[in-house]
Amino acid sequence: MTNFLMMPIKMITKNKQRTIARNIRKKFILASPCKTLEIKNDATVVVGERLNPSGCKKVKQRLKIRDYTVYGEEARAQEEAGAELLDVNAFLIDLDETETLLNGIFEALKNSALPLFVDTQNFDA
C-alpha cells in the first residue's frame, strides 16, 4: 500500500527540474535620468542638503516669490562641490508643498545629473 501512495509523487517529481542555486547579491542603487550610483555597504556618501528652505535662507526667500530656479542653481553648485546625491525638501508653511516640490525637483533634475532624495512627510506631494 505504501508503494501505491508513493507512485503519484514519484510521477510528479520525475519530470520536475531541480532549481539551480543562484548567487544573489543585494545592491543599493540610486538613479537619475543621467546617472546611476551603486552604494556599497560600508561606503560614505556625500549628500547635498542645501535644497531645503528651512536650512537655507536663500532658498526660502526665493521660494516665497515662486522662483524655483534656486533649486537648479543650488543643485549645480552642490554637484560641482562634490555631492554625490541631493536631498530635496520643499516644506514651507506659506506654500503648497506639492507644487513647490514638483517644480523644485524639475529644476534640480534639469541642472544636475545627480540622483535625488525626496524629503517630505506629505505622501500626496
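Predicted model: local features only at pLDDT ≥ 70, side-chain atom pairs only at ≥ 80, totals over all residues.
**Entry 1: overview**

I began with burial: 30% of the 125 residues in the protein are buried (under 20% relative accessible area, with a 1.4 Å probe and protein chains only). Residues are numbered from 1 along each chain as its sequence is written, and side-chain values use heavy atoms, with hydrogens and water left out.

Next I looked up the secondary structure and found 4 helices and 5 strands (DSSP runs numbered from the N terminus, H or I of at least four residues for helices and E of at least two for strands). Along the sequence they follow α-β-β-β-α-α-β-α-β. I also checked contacts (heavy atoms within 4.5 Å): of those between residues at least 6 apart in sequence, 66% join residues at least 24 apart.

**Entry 2: α3 against α4**

I took helix α3 (residues 69–80) and helix α4 (residues 97–111); their axes come within 7 Å and cross at roughly 40°. Here axes are lines fitted to C-alpha atoms over the stretch in contact, and angles run from 0 to 180 degrees between N-to-C directions. The two helices are therefore oblique to each other (oblique is what remains after under 35 degrees for roughly parallel, over 145 for roughly antiparallel and 65 to 115 for roughly perpendicular). On the α3 side I listed Thr69, Tyr71, Gly72, Ala75, Arg76 and Glu79, which meet Thr100, Gly104, Glu107, Ala108 and Asn111 of α4.

**Entry 3: α2 against α3**

I then turned to α2 and α3, whose axes come within 9 Å and cross at roughly 155°. That makes α2 roughly antiparallel to α3. Lys58, Val59, Arg62 and Leu63 of α2 make the contact with Thr69, Val70, Tyr71, Glu73 and Glu74 of α3.

**Entry 4: the core**

Which residues have the most contacts inside the largest nonpolar core? I found Leu51, Val59, Leu63, Tyr71 and Leu86, in a core of 17 residues (buried Ala, Val, Leu, Ile, Met, Phe, Trp, Tyr and Cys joined through side-chain atoms within 4.5 Å). At least two core residues come from each of α2 (57–64), α3, β4 (85–88) and α4. I noted that α3 gives the most, with 3 residues.

Last, I followed Leu51: leaving out residues up to four places away in sequence, Leu51 touches Tyr71, Glu74, Ala75, Gln78, Leu86, Asp87, Val88, Asn89 and Ala108.

Notes:
Buried < 20%, exposed > 50% of the residue type's maximum accessible area, 1.4 Å probe, protein only.
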